[in-house]
Amino acid sequence: MVHIGNEWDALLSEEFGKEYYLRLREFLKAEYGSRRIFPPMNDIFNALRYTSYSDVKAVILGQDPYHGEGQAHGLCFSVKKGVQPPPSLQNIFKELKADLGIEPPTHGELTSWAKSGVLLMNTALTVREGQANSHRGQGWEILTDRVIEILNEREKPIVFILWGGNARAKAKLITNRAHLVLQCAHPSPLSAYNGFFGCRHFSKCNEFLSSRGIAPIDWRIT
């Protein structure tokens, strides 16, 4: 069974026993056994592993993992050190510099964000090589929606950062007025000029957290 290694194990234990997840598990066994699937199996739950429930200050939602060799490692928008940052991530770095003056890093690994309290979660956690959205509708969305619902129920404020239509569709799950929802266009080159650039979500996030007595996120990438 799944072992994340923090509070999420208990919070999601019922989900991991439900019929939809058991079906998803069988699907994944077959997929990993017969095709190239990303991320590597041990990295599937890295978003939850790096950012435990109590540590979440902000949530950035992605759609599904990168589907190229060596890119995905379980954190949305992030690629491992040594891998060229994809265009969407490069645009995120441009907005980060414009908003907070943080220079673009020499790599695209966002693990330091995750450890600073940013849950970097895709709505589907696996994908076939070269086939975007190929694991959509297999059950992942039920699980990741449940993660959002659990966080929505939390009293301590969280900032939900929703970039693009897929992420923005999840806004309906965030009903607790203690939280802040920030929405805009996706950082993809196709849409970044339609409202992503200039959104200032990084500084707005930290201003909100500070106003609630919560230490701001260190958005520097180390």
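Glu149 and Arg146 both belong to helix α7, where three residues, about one turn of the helix, separate them. The model is predicted, so local features need pLDDT of at least 70 and side-chain atom pairs count only at pLDDT 80 or more, whereas totals for chains, interfaces and linings use all residues. Residues are numbered from 1 along each chain as its sequence is written, and side-chain values use heavy atoms, leaving out hydrogens and water. Helices (H or I, at least four residues) and strands (E, at least two) are DSSP runs, numbered from the N terminus.

Glu149 and Arg146 form a salt bridge, defined as a side-chain nitrogen of Lys or Arg within 4 Å of a carboxyl oxygen of Asp or Glu. Glu149 is partly exposed at 29% relative accessibility, and Arg146 is partly exposed at 25%. Here buried means under 20% relative accessible area, exposed over 50%, and partly exposed in between (1.4 Å probe, protein chains only). Salt bridges that share partners also join Glu31, Arg35 and Arg128 into one network. The whole structure holds 15 salt bridges, including those tabulated here.

| Salt bridge | Closest N to O distance |
|---|---|
| Glu149 – Arg146 | 3.4 Å |
| Asp43 – Lys80 | 3.9 Å |

Lys170 and Asp145 are both buried. The pair of Asp43 and Lys80 links distant parts of the chain, 37 residues apart. Asp43 is buried at 13% relative accessibility, while Lys80 is partly exposed at 37%.

Glu141, also placed in helix α7 (residues 140-152), is buried yet has no salt bridge, and Arg136, the nearest side chain of opposite charge, is 4.7 Å away. The side chain of Glu141 reaches the backbone nitrogen of Gly137 at 3.1 Å.

An open sheet of four strands runs in the order β3-β2-β5-β6 with parallel pairing; strands pair if DSSP finds at least two bridges between them. Its edge strands are β3 (118-122) and β6 (180-184). Strand β2 (residues 58-62) pairs with β3 over five bridges, and Leu61 has Met121 in β3 as its bridge partner. Helix α7 lies across β2, β3 and β5 (159-163), at about 155° to β3. Contact means heavy atoms within 4.5 Å; axes are lines fitted to C-alpha atoms, for helices over the stretch in contact, with angles from 0 to 180 degrees between N-to-C directions.

Key
Lys, Arg positive; Asp, Glu negative; His and termini not counted. Polar contact = N/O pair within 3.5 Å; in protein donor to acceptor, adjacent residues only side chain to side chain.
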